[in-house]
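Let's take a walk through this one, starting with the whole chain and ending among its aromatic rings. Have the viewer open as you read.

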Amino acid sequence: MDVRIEPSWKTALQEEFEKEYFRELTEFVKDEYKSATVFPPPKFIFNAFDLCPFNKVSVVILGQDPYHGKGQAHGLCFSVPEDIAVPPSLKNIYKEIASDVGGVIPNHGNLGDWAKQGVLLLNATLTVRSGQAGSHQHKGWEEFTDAVIRTISEKKENVVFILWGRYAKDKKVLIDGTKHLILEAAHPSPFSAYDGFFGCKHFSKTNEYLKAHKKDAIVWLDEK
């Protein structure tokens, strides 16, 4: 089956694309786009992969579902296009970055620049029906994105995996903690950010680890 995704990912994940569950998932998603309003637009389903090739991945941030409001989802977890209001969780992420490593908080929520630096912004589910959170869960996406995490863990070394909230932390079993750094904290949502997200210093810890392993640090925010 022909999947339009960045070439290095197509090679790394070729076995997944040929499995029966992925064929069934593809048919389900195609039917959903025909019969309902589904986000993100089809060209952005694999945006996280297209902006961050497999060989460039140095950090993985895990989300759960795409945003289900009009115009919000563009294939990167926690991120929205520049003309869309910054979501509450991302506002808290920006606050923690500014407190941790400094920098100017932008007036937009597009995290594409992180992706281009090597941050894979991966949602567990890559599509969703408009206004129906979780509507495409348990259709095969999680099996695919679990395979993505496992493939990165097995085929790469010294990657930072950032797990916020219980759902992301449950993915820890897919990661080899002896050759990667796993960072865990509460979810940045306003409902839980004060329970351990604020003050987690994941952004400085990530950069310290990357530099210690001769990798480029991430510019999380532009300097003042």
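What follows goes from the overall fold to a few residues.

A word on the ground rules first. This is a predicted model, so local features need pLDDT of at least 70 and side-chain atom pairs count only at pLDDT 80 or more, while totals for chains, interfaces and linings use all residues. Residues are numbered from 1 along each chain as its sequence is written, and side-chain values use heavy atoms, with hydrogens and water left out.

The chain holds nine helices and six strands; these are DSSP runs numbered from the N terminus, with helices being H or I of at least four residues and strands E of at least two. Its radius of gyration is 17 Å, close to the 17 Å from the globule rule for 224 residues, so the chain is as compact as a globular protein of that length. That radius is taken over C-alpha atoms, and the rule is 2.2 Å times the number of residues to the power 0.38. Along the principal axes, the C-alpha trace spans about 45 × 35 × 30 Å.

How much of the chain is buried? Buried residues account for 54% of the 224, where buried means under 20% relative accessible area, exposed over 50% and partly exposed in between (1.4 Å probe, protein chains only). As for contacts (heavy atoms within 4.5 Å), 67% of those between residues at least 6 apart in sequence join residues at least 24 apart.

Now for the rings. The whole structure has 18 aromatic pairs. Rings of Phe, Tyr and Trp (its six-membered ring) pair if their centres lie within 6.5 Å; planes under 30 degrees apart are stacked, over 60 edge-to-face, and the rest tilted. F46 and F144 make an edge-to-face pair, 6.1 Å centre to centre with 75° between the planes. This pair links distant parts of the chain: F46 sits in the loop between β1 (38–39) and α4 (47–51), and F144 in helix α7 (residues 141–155), 98 residues apart. F144 also pairs with F49, this time tilted, at 6.1 Å centre to centre and 50° between the planes. Because F49 lies in helix α4 and F144 in helix α7, the pair ties together parts 95 residues apart in sequence. F49 counts as buried at 0% relative accessibility, and F144 does too, at 0%.

For a contrasting spot, look at G177, in the loop between α8 (165–169) and β6 (181–185). G177 is partly exposed, at 47% relative accessible area.
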